[in-house]
Amino acid sequence: MSLHAQDDPQLRADQEQRLRTVWAPPTGWFGRWTDVNNNRVGVWYTLTAFTFMLFAGVLALIMRTQLAAPGNDLVSASTFNQLFTLHGSMMMFLFAVPMFEAVAVILLPQLLGARDLPFPRLSAFGYWSFLIGGVFVAGSIFFNAAPDGGWFMYPPFTTRTDLSGLGADIWMLGLSFIEVSSVAAAVELIVGVLKTRPPGMRLNLMPLYAWYILVVAVMILFAFPPLIAGDLLFEMERLLGWPFFDAAKGGDAILWQHLFWIFGHPEVYIVFLPSIALFAMMVPTFAQRHLLGYPWIVLAAVGTAFLSFGLWVHHMFTTGLPKISLAFFSAASEAVAIPTGIQIFVFIATMWAGRVTWSTPLLYAFGSIAIFVIGGLTGVMVAIAPFDWQAHDTYFIVAHLHYVLIGGTLIPLMGGLYYYWPLITGKKLSDRIGRTAFWFQFVGANLTFFPMHFSGLMGMPRRVFTYPAELGVGGLNMASTIGSYVFAIGVLLVCVDLARSPWRQKSPRNPWNAGTLEWLAHPDDEDWGIRSVPLITSRYPIWDQKNFVRNVDEGRFFLPDAPEGRRETIITSVLDARPVQVIRLGTPSAKPMATAAALGSVFILTTYHLYWWALAGAVATLSMVLWWLWTGTAEIPENEEKSIGHGLKVPLYCSGGSSAGWWAMFITMMADATAFSGLVFGYYFFWTRHDDFPPSGPGMDGPGAFWPMAALAITLASWAMTVAARELNARGAEGAARGLLGVGALASLAAIGAGLAGPMTTGLEPSLHVYPAIVWTLVLWTVAHNGVGAIMQLYTLARSIAGRMTPRYDADVRNITVYHHFMALTAIVTYATIGLFPGAGS
Amino acid sequence: MKNESPHGDRPGGLRARILALRVTLWTLIVPPTVWAVHFLFCYLWVSVSCAKLGQFPRFTTAFVIGTGVALAIIVAAGAIAWVQSRTPGDPPPHDEGTDIDRLRFIAKSTLLLAGLSFVAVVFTAAPALMLTDCR
């Protein structure tokens with residue numbers, strides 16, 4: 001496709017018609033919901049998260065009304081417990097994190113000049129999981145069955161079934177399901193940023209939003225799995241009586257706090273950084289210049305990500321840990337203020353150096369920074385342990401965290417809404433309503449939360465459903481309540497503004513005169529994402545590259561056509577964005593939705609102790625996943641290569657480290673390994689808590705050294721066979737490779753038996769004491785992975801026999817080898833720990 | 001270093017060898033990873049010793065050595081990044097899509113992260129070296 005050819009308007013029209021046909025959305029009352037294109041799934045995702053935010057906001061209003069006056073009796077104590085638990089849980093798990101994912105699903109492909117993210121069906125799966133899990137958790141309050149243990153669900157009140165009802169299970173299982181969808185989104189976004197950038201967009205030209213998304217998605221990968229591990233232990237205690245958090249049987253409630261906050265503190269930055277990322281896009285636009293200090297932003301994002309994992313104990317300053325431990329976390333908590341401050345100075349410097357265009361989104365940006373800085377400063381205060389001992393669990397903390405979250409997440413998102421609404425709908429929102437709404441929110445937030453600093457310091461504990469008049473905080477609480485209604489009016493005004501949007505005129509293209517790629521979007525947008533994938537040579541190509549918009553629109557860049565009638569995008573190399581492959585993307589399908597429904601049924605049915613039905617759901621989920629993979633992945637293309645224009649030809653099939661699927665497997669396994677390390681942490685944590693660990697006595701002696709070592713040897717044999725199968729297959733010895741895969745699967749199954757034999761033959765009784773319980777958990781985790789490993793080996797064997805995997809097209813076997821590397825590592829750690837630990841072998 | 005001309009590197013010399021080192025996303029995260037390892041080393045050793053033995057680790061020199069090693073690695077990573085971030089060639093402001101600008105960007109970011117990690121390691125080391133008991 002020479003430059004010259006694209007001069008022909010007829011050719012361009014034909015190309016556009018082909019692209020339009022290929023990217024046509026599905027229709028029909030049901031069919032339209034099977035869409036997987038990021039521009040629709042992202043919008044559903046955003047609207048759903050926004051709705052959950054409004055719902056959780058109403059819960060907060062009810063709480064504020066109850067607290068308006070001392071001794072009020074609008075709601076009972078029990079209802080109040082459900083209100084604050086659901087408010088916090090929904091805002092965190094159903095609004096802040098999903099909203100980041102939703103916005104990223106919409107924006108990322110646009111920012112990267114890609115037609116879609118690499119795994120569109122995975123995004124759809126994530127969305128449907130989120131919707132099902134979210135409705136399940138949120139709906140519980142209408143049945144008086146909502147969780148009531150606070151959003152961090154501290155045992156032992158929440159694990160003892162006589163003190164807490166179904167709500168705790170709904171929290172654990174419903175939100176675990178949503179955590180799965182968050183990890184799925186993280187995989188999608190990491191691979192998206194690293195592999196689907198347009199040619200020429202080297203790491204140093206990447207939009208800063210993409211840097212933040214990369215960093216945040218990696219944080220999700222390491223932060224959520226410890227919580228998933230904690231959830232697992234928690235449910236084992238609630239459903240089976242395994243005493244992980246029960247001090248009477250050797251457990252320790254503090255373990256939950258560790259696992260929760262290893263998730264919970266990075267979580268704060270997981271919801272804060274994407275909002276700052278929106279600023280990093282808005283500030284250059286309204287300063288009409290490049291952002292100053294690009295590497296400083298990367299420093300801030302990466303530095304914050306690391307340090308945020310060294311802060312978790314600052315939520316546990318009052319649990320009686322040694323002061324020296326508190327000091328380490330206090331130190332890191334102070335250090336994290338450095339990168340956070342740097343980002344804000346970068347924005348100020350950019351505004352200072354530029355010519356500022358005043359606008360509604362910018363108003364939100366400035367307002368939120370003002371609020372956030374107050375929250376940040378009280379954060380520095382509570383990071384000092386002696387101050388925290390005074391303020392802990394009072395309204396001072398409530399004030400602090402709301403300043404951080406409203407200034408760091410909610411109001412920036414409102415600004416982002418005003419900024420990006422024209423990108424999504426082609427229409428601007430009203431400046432008049434937007435600014436009025438801003439002032440209501442700004443004044444409302446300060447009026448609600450500033451008095452709480454004082455009511456907290458005057459002794460009002462958080463999470464009380466009422467308070468006596470003698471405490472003298474009645475006036476402060478009334479102010480907070482009035483403020484909350486003022487804030488709500490602001491949010492309501494935004495909703496009114498959104499509701500009026502369909503009747504407004506379309507705005508011109510790129511209405512803010514921005515310089516980044518996403519503003520190529522046309523007000524009358526097509527579903528193909530971008531007309532041709534551009535060559536990037538600047539951070540602000542619309543400003544800096546000559547005739548850029550015209551060249552994109554006229555298909556003068558790469559991949560301007562879809563002659564084979566397939567949805568495609570370009571895969572590039574990680575550092576330098578050299579084109580390495582054209583991948584075929586998933587088309588609309590009901591499979592993601594059906595898989596999400598099946599997986600959801602597993603979690604929901606388990607909540608109601610319907611184990612056989614849950615097992616049926618699990619089998620259904622597995623069947624769907626296999627069906628989805630078999631029909632939709634690692635397809636052998638009709639040609640080796642494809643021309644993408646300008647004389648460039650790239651392969652249509654890659655396997656191993658250069659393919660998107662391999663990266664997805666690797667990243668997923670990183671998350672899996674992190675969850676596993678959470679369980680292993682549990683074992684060693686209990687060891688530090690007991691003088692005699694492992695203990696001895698009936699039901700507690702085991703699992704011996706023999707069976708764990710046997711299970712380890714068999715797992716390693718299975719691993720070796722998988723690696724050998726990969727190598728033999730690549731050398732053309734398909735028969736031998738198939739044989740090894742078959743025997744490898746048998747070995748994986750044998751490893752299950754050997755693994756279980758250890759604790760079974762020695763009679764370890766998991767409900768007796770925490771030692772047998774944690775040993776059983778590690779073994780079950782490992783053998784479940786053996787089971788999945790066997791399924792993968794058999795799947796690959798079937799692919800080979802069916803001719804869907806060949807020596808040349810070997811993505812399947814390369815991907816499962818990654819799994820088996822992690823499998824081997826899991827087995828080594830598990831069996832070395834339980835079998836070789838001093839005293840465990842007896 | 002300021003006076004060296006763009007072409008004045010002696011082949012095989014230290015500076016030439018530094019400039020030939022490959023930089024990637026993995027090298028970018030070396031300094032903060034060192035912080036994380038040092039942090040875990042201090043925290044775990046102290047808390048395990050306090051929990052299991054009921055006393056602060058006797059061999060406190062280990063903290064000095066551990067901190068020294070961590071800081072040395074961070075300084076080395078920073079020094080390499082410093083040299084690489086001044087790779088001569090393209091004109092300022094170094095935000096183009098060229099090989100040199102990409103190298104300079106990752107090097108500069110690594111250098112900044114080395115600075116932050118240095119401070120963070122000192123912060124972590126301070127309590128380990130000063131508060132020597134378990135209460």
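This is a predicted model: local features need pLDDT of at least 70, side-chain atom pairs count only at pLDDT 80 or more; totals for chains, interfaces and linings use all residues.
Followed along the sequence, the pattern reads α-α-α-α-α.

How much of chain B counts as buried? The share is 36% of its 135 residues.

**Next stop: where the chains meet**

Show chain A alongside chain B. The contact between them draws 36 residues from chain A and 36 residues from chain B. Which elements of chain B give two or more residues to the side that touches chain A? Select helix H3 (30–53) and helix H5 (99–130) of chain B to see them. H5(B) gives the most to that side, with 15 residues. If you color the side of chain B that touches chain A by class, you will find 24 nonpolar, five polar and seven charged residues.

**A loop residue in chain B**

Now pick His94(B), in the loop between helix H4 (61–84) and H5 of chain B. Most residues other than glycine have a negative phi. The phi of His94(B), however, is positive, near 60°. Is His94(B) buried or exposed? His94(B) counts as buried because it has 20 C-beta neighbours inside 10 Å, and 20 or more is the cut-off for that class.

**Over to chain A: the annotated span**

Select residues 17–519 of chain A. For this span, an unreviewed UniProt entry lists "domain: Cytochrome oxidase subunit I profile". Residues 17–519 of chain A are 69% helix and 0% strand.

**Into the core**

Next, select Tyr212(A), Ile213(A), Ala280(A) and Ala332(A). These are the residues with the most contacts inside the largest nonpolar core, which has 308 residues. Zoom in on Ala280(A) to see what surrounds it. Which residues does Ala280(A) contact, leaving aside its neighbours within four places in sequence? The partners are Leu208(A), Tyr209(A), Tyr212(A), Leu291(A) and Ile297(A). Tyr212(A) in that list is also one of the residues with the most contacts inside the core.

**Loops of chain A**

Move to Arg463(A), in the loop between helix H14 (431–457) and helix H15 (474–500) of chain A. Its phi is positive, near 65°, and Arg463(A) is not a glycine. Arg463(A) is classed as partly exposed because it has 14 other C-beta atoms within 10 Å, a count that falls between the limits of 12 or fewer for exposed and 20 or more for buried.

For the last stop, select the loop between helix H20 (660–689) and helix H21 (706–730) of chain A, where Pro694(A) lies. Most peptide bonds are trans. The bond from Phe693(A) to Pro694(A) is cis, with omega near 0°. Then step along to Pro703(A), placed in the loop between H20 and H21 of chain A. Here a cis peptide bond joins Gly702(A) and Pro703(A), with omega about -5°.

Conventions. Residues are numbered from 1 along each chain as its sequence is written. Chains are lettered from A and ligands numbered from 1 in the order in which they are written. A nonpolar core is a set of buried Ala, Val, Leu, Ile, Met, Phe, Trp, Tyr and Cys residues joined through C-beta atoms within 7 Å. Two residues are in contact if their C-beta atoms, placed from the backbone, lie within 7 Å. Helices (H or I, at least four residues) and strands (E, at least two) are DSSP runs, numbered from the N terminus. Ala, Val, Leu, Ile, Met, Phe, Trp, Tyr, Cys and Pro count as nonpolar, Asp, Glu, Lys and Arg as charged, and the others, Gly among them, as polar. UniProt positions are given in the numbering used here, feature names are shortened, and annotations may be inferred rather than shown by experiment.
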